[in-house]
Amino acid sequence: MSLQAPLPAATFVYKSDPVRGRQWAEVFRAQAPEIDFRIWPDMGDPAKVRFLAAWEPPENISECFPNLQVLFSSGAGVDQFNFAALPPALPVVRMVEPGIVQGMVEYVTRAVLDLHRDMPQYRRQQQRGEWKALPVRPASQRRIGVLGLGSLGQAVLQALQGLGFACAGWSRSQHQMDGICCYAGSDELPAFLEKLDVLVCLLPLTDATRGFLNADLFSRLPVGAALVHVGRGPQLVTADLLAALATGQLSEAVLDVTDPEPLPTAHPLWRHPQVQITPHIASMTQPLSAAAVVIDNLHRFHAGQPMTGLVDRARGY
Ligand code: NDP
Ligand code: OXD
């Protein structure tokens with residue numbers, strides 16, 4: 001039960017997966033009963049809708065909801081929003097919640113351990129019926145770098161550091177993390193890349209990161225490095241990845257995101273022996289923890305405090 005003062009009465013519309021929406025509704029009923037929580041297309045009187053949580057908002061958002069005060073993304077990313085179509089002053093909030101963080105930590109940790117313990121080679125050896133041991137390298141000698149030191153990148157690095165890996169991170173602005181080498185900006189990118197065995201991408205998709213994982217970047221990694229891509233498909237230049245795998249510049253790629261999604265059945269990535277593909281499932285918003293975070297943000301909004309995950313629309317994330 002919430003000990004906070006009740007929120008002002010308002011309508012909140014949820015426009016995303018309705019099954020998960022019903023779990024959000026339960027949390028709102030328990031923690032914010034003063035909010036009229038509705039699942040799209042049920043929106044009641046559109047003039048009363050003050051808050052919208054959506055993966056894809058309606059195109060004519062201002063006409064649909066003339067009095068909207070906050071747009072929440074139902075996921076961590078906001079690249080699916082057409083910012084140009086949103087009222088300029090409308091606050092946009094991305095999803096920062098413990099469930100999505102835990103899912104990403106699990107996915108990336110599994111991928112890094114799989115690469116670290118040479119599982120792709122052993123799977124190929126098994127197909128050939130080949131019994132051959134490879135040297136076991138201690139985690140402390142395996143260098144893992146994460147692009148993006150946001151809510152997900154930092155949690156992933158902390159988990160990998162806990163397993164004993166040598167960890168580094170790169171972001172736009174300078175960060176400090178205990179025991180982790182933090183690099184910032186394009187000037188420090190080459191120094192970050194040149195020491196890595198595994199590169200993990202957890203950048204948001206913006207104009208600055210579209211096509212970021214390309215031949216030039218791959219050439220700055222040590223020969224034989226591996227890629228784990230969990231950001232967004234359009235950040236990766238697929239032809240450059242295939243070329244880097246062909247020359248041995250990259251040894252393996254684990255891709256949870258592709259361009260396009262779904263990846264067409266005939267696409268060469270599906271059958272590439274050094275590529276693992278999952279269908280954009282690295283992490284998912286967990287309804288119960290997400291709804292609680294959004295209710296907390298409604299309290300912050302009404303108290304004039306900064307909301308968790310508020311997007312800087314000029315930066316695009
Ligand atoms: P955050 O907004 O919290 O963090 C983004 C990080 O990226 C920040 O550290 C930021 O730097 C850095 N960054 C952004 N642009 C640049 C740039 N041009 N150059 C260098 N660094 C940059 O995001 P989250 O950690 O919450 O999420 C990251 C992304 O993960 C999401 O946007 C989404 O695309 C993806 N994702 C994928 C999922 C999946 O299932 N595959 C699930 C959830 C998310 P700074 O700190 O300096 O601002
Ligand atoms: C997200 C995602 O951004 O699932 O939440 O990719």
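## Ligand 2 and its surroundings

An oxygen atom of ligand 2 is placed 2.7 Å from a polar backbone atom of A76, a polar contact being a pair of N or O atoms within 3.5 Å (within protein, one must be able to donate a hydrogen and the other to accept it, and residues adjacent in sequence count only if both atoms are side-chain atoms). This is a predicted model, in which local features need pLDDT of at least 70 and side-chain atom pairs count only at pLDDT 80 or more, while totals for chains, interfaces and linings use all residues. Residues are numbered from 1 along each chain as its sequence is written, chains are lettered from A and ligands numbered from 1 in the order in which they are written, and side-chain values use heavy atoms, with hydrogens and water left out.

G77 has a backbone N or O atom 2.8 Å from an oxygen atom of ligand 2. From the side chain of R232, an N or O atom is 2.7 Å from an oxygen atom of the ligand. On its own ligand 2 has 210 Å² of accessible area, of which the protein covers 83% (Shrake-Rupley method with a 1.4 Å probe; for residues, only the protein chains shown count as cover).

The shell around ligand 2 consists of W55, G75, A76, G77, I100, R232, H280 and S283, where a residue is near if one of its heavy atoms lies within 4 Å. By class, this shell has 3 nonpolar, 4 polar and 1 charged residues; Ala, Val, Leu, Ile, Met, Phe, Trp, Tyr, Cys and Pro count as nonpolar, Asp, Glu, Lys and Arg as charged, and the others, Gly among them, as polar.

## Ligand 1

Around ligand 1 there are 29 residues, of which R94, S151, S173, H175 and Y317 come nearest. R232, which also lines ligand 2, has a polar side-chain atom 3.3 Å from an oxygen atom of ligand 1. S283 likewise belongs to the shell of ligand 2, and a backbone N or O atom of S283 lies 3.1 Å from an oxygen atom of ligand 1. The protein buries 93% of the 940 Å² that ligand 1 exposes when taken alone.

## Domains and their interface

The domain assignment, automatic or from a database, gives domain 1 (10-97 + 285-302) and domain 2 (99-277). Their contact (heavy atoms within 4.5 Å) takes 11 residues from domain 1 and 7 residues from domain 2. The C-alpha centres of the two domains lie 33 Å apart.

Together the domains bury about 670 Å², 52% of it on carbon and sulfur atoms; buried area is the accessible area (1.4 Å probe) that two parts lose on being put together, summed over both. On the side of domain 1, A76, D79 and E97 lose the most area to domain 2, together 58% of what that side buries.

## Polar links between the domains

The rule finds 4 residue pairs in polar contact across the interface (both at pLDDT 80 or more). The count of salt bridges between the domains is 1, a salt bridge being a side-chain nitrogen of Lys or Arg within 4 Å of a carboxyl oxygen of Asp or Glu. R232 forms a salt bridge with D79, with the closest N and O atoms 2.9 Å apart.
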